[in-house]
Amino acid sequence: MTATAAQTRTAGARPVTAVRRRSRRRTAATVGFHTTGILISLAWFAPILVVVVTSFRTFDDISANGIASLPHTFTLGTYAQAWNQGGLFQALVNSMIVTVPTVILTLLFSAAAAFGLSRYKVPFRRTILLMMLAGNLLPVQMLLIPVARLTQQLNVYDTLGALVAVQVAFGIGFYTFVLYGFMRTIPHELQEAATLDGASTTRIFLQVILPLTRPALAALGALSFTWVFNDLLWSITLLQTSEKLPITAAVLSLQGEYVSSWSVIAAATVVAAVPSTIVFLLFQRSFIGGLALGSVK
Amino acid sequence: MFALVLVPFLVEAVGVFWPAFQGISLSFLHWNGIGPATPVGVKNYVDLFSDPIFLTALKNTAIWIVLFGGISFAAGLGVALLFQSERRGVGIYRTALFLPIVFSLVVTALIWGAFFQPNGVLNNVLDAVGLHSWTHVWLGDSSTALYAVIVAALWREIGYVMVLFIAGLKALDPAVQEAARVDGATAWQRFWHVTMPQLRSVNLVVLSVLIIDSLRSFDIVWAMTRGGPYHSTELLSTYMFSTAFGSHALGYASAIAVVIFVLAIAVIVSYLVRALSEEKEA
């Protein structure tokens, strides 16, 4: 502002109006930008807001005033009902039992494979890398029946362990590809120095390369947490006992039981959305970076 | 040292490659999963093309790719251009668009279910503004259900596409834009003749991601409509699932899965070719 004022004072009469006109146009553009931004944000937030508000309303309030009205009541009973009768607590536990080991194992396997492929002259290196990536691009539908059958033959059908194994196997390809790209950029000198100092391959991997890969691991970890946590297809394919269902599948079957209890379903929806939202908020930067990292390089 | 590569590779081989091959060979069998399987050659594939539900699912999958893919691409690019530069408030707008991607598709389906139900938000709002005649059983009517599901899916995808495009736009050399501006190119000319050609490889990535995502789409349809009413929202993926685990026609379902694979293969190959060329460059 002061710069503009100083300029106009020295520049004389005619430029003053020109500058003013330009700054007015710029103000108009800023107002337009924020109006558009706010409208889009509201449109995107609105459905979430409706569900959150609904989850705190009583059944009677909704049936009397409609789901779109302002709330007339406030209750936490919906959450209690979803949590206790709906079995959401068990479902959340199941989700964590599946998600945490899956994320850790996938990253560990992928980091090991990426390390071998990027730092050593492994024969058929490129073929192996592309095959692994190709496996991750396959439509999951191709694998459902054979994998379900395999788990039955191995007597692990309807277990959370089978769910972990399958998702680890399916994820490895993509994470290896991304980590490979990342590890390749680590200077070779570091590794050579460590080798000269007599460090073993395992030590180089664990103490030199892995710490340097941390940003990529954080990004992939956050991403894969939400992907695994949010999975539906594998759970409904490999699990039968309803007490074993992770939260995504459990919420869906709850919807069948509480068809008309909007607020209970809304509460369950909120519960199912909270963990991945927390992970997102904690790792927002690496999360977004991770998405872009995998696809745009 | 080789074990570092070999073990993960074997895990993927057992969990992915081997089942994929089995999936293909199952598609040449007639099998209900319990009794003995009988080889039927290509009969499953021949039957598919006289199966009206399969043809509906195929048509809906095509609609899904065009509408879901096309609108995600255009809208994602649009908001990326709008929100690409760092300025006050832009972080909030981006987060608003991006937040839905952390929700599962089931959560998305439930959120939008509350919106589209007969006494849901949309009909309530239409009533309130005096448009009662426009109210509709959105998810229960074969003529609107598919589009209602696509709206929900778009809500979650546009922010993701935006992130991909913003990353792409940030990598561009601003000097080229500036040069075009100095030469008097209008905003539209700069977009069409400067930005778009520079974004070529990003465009290809986004397109392949969208096509693969479309062919894989299952959760949101399953959670909102189970493919109904009257198969009007049936996609190849949902039809495959209900054929396999509802009707226990395992051979037939495998043939549907192979069709999905064949449709995806061109995209997968082009993606791999790009990955390979990048790998060679470095």
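I'll start with helix H13 of chain A, residues 247-257, where the buried residues are Ile247(A), Thr248(A), Ala249(A), Ala250(A), Val251(A), Leu252(A) and Leu254(A). Keep in mind that this is a predicted model.

What covers those buried residues? From chain A, the cover includes helix H5 (88-119), helix H11 (214-230), helix H12 (233-238) and helix H14 (262-282). Chain B takes part too, with helix H5 (105-116) and helix H11 (219-224) included in the cover.

That brings us to how the two chains meet. On the chain B side, 75 residues are in contact with 77 residues of chain A. Helix H1 of chain B, residues 2-26, gives the most to that side, with 17 residues. By class, the side of chain B that touches chain A has 59 nonpolar, 11 polar and 5 charged residues.

Now one helix pair across the chains. In general, two packed helices are described by the angle between their axes and the distance between the axes. For H7(A), residues 141-153, and H1(B), the axes come within 8 Å and cross at roughly 105°. An angle from 65 to 115 degrees counts as roughly perpendicular, so H7(A) is roughly perpendicular to H1(B).

Which residues of H7(A) and H1(B) meet? From H7(A) they are Met142(A), Leu143(A), Ile145(A), Pro146(A), Val147(A) and Leu150(A). From H1(B) they are Val16(B), Pro19(B), Ala20(B), Gln22(B), Gly23(B) and Leu26(B). This contact has 10 nonpolar, 2 polar and no charged residues.

Last, confidence. The predictor gives the complex an ipTM of 0.88 and a pTM of 0.87. Chain B averages a pLDDT of 88, and 99% of the residues score at least 70.

Methods. Residues are numbered from 1 along each chain as its sequence is written. Chains are lettered from A and ligands numbered from 1 in the order in which they are written. This is a predicted model: local features need pLDDT of at least 70, side-chain atom pairs count only at pLDDT 80 or more; totals for chains, interfaces and linings use all residues. Two residues are in contact if their C-beta atoms, placed from the backbone, lie within 7 Å. Helices (H or I, at least four residues) and strands (E, at least two) are DSSP runs, numbered from the N terminus. Ala, Val, Leu, Ile, Met, Phe, Trp, Tyr, Cys and Pro count as nonpolar, Asp, Glu, Lys and Arg as charged, and the others, Gly among them, as polar. A residue is buried if 20 or more other C-beta atoms lie within 10 Å of its own, exposed if 12 or fewer, and partly exposed in between; C-beta atoms are placed from the backbone. pLDDT is the predictor's confidence in each residue, from 0 to 100. Axes are lines fitted to C-alpha atoms, for helices over the stretch in contact, and angles run from 0 to 180 degrees between N-to-C directions. Angles under 35 degrees count as roughly parallel, over 145 as roughly antiparallel, 65 to 115 as roughly perpendicular and the rest as oblique.
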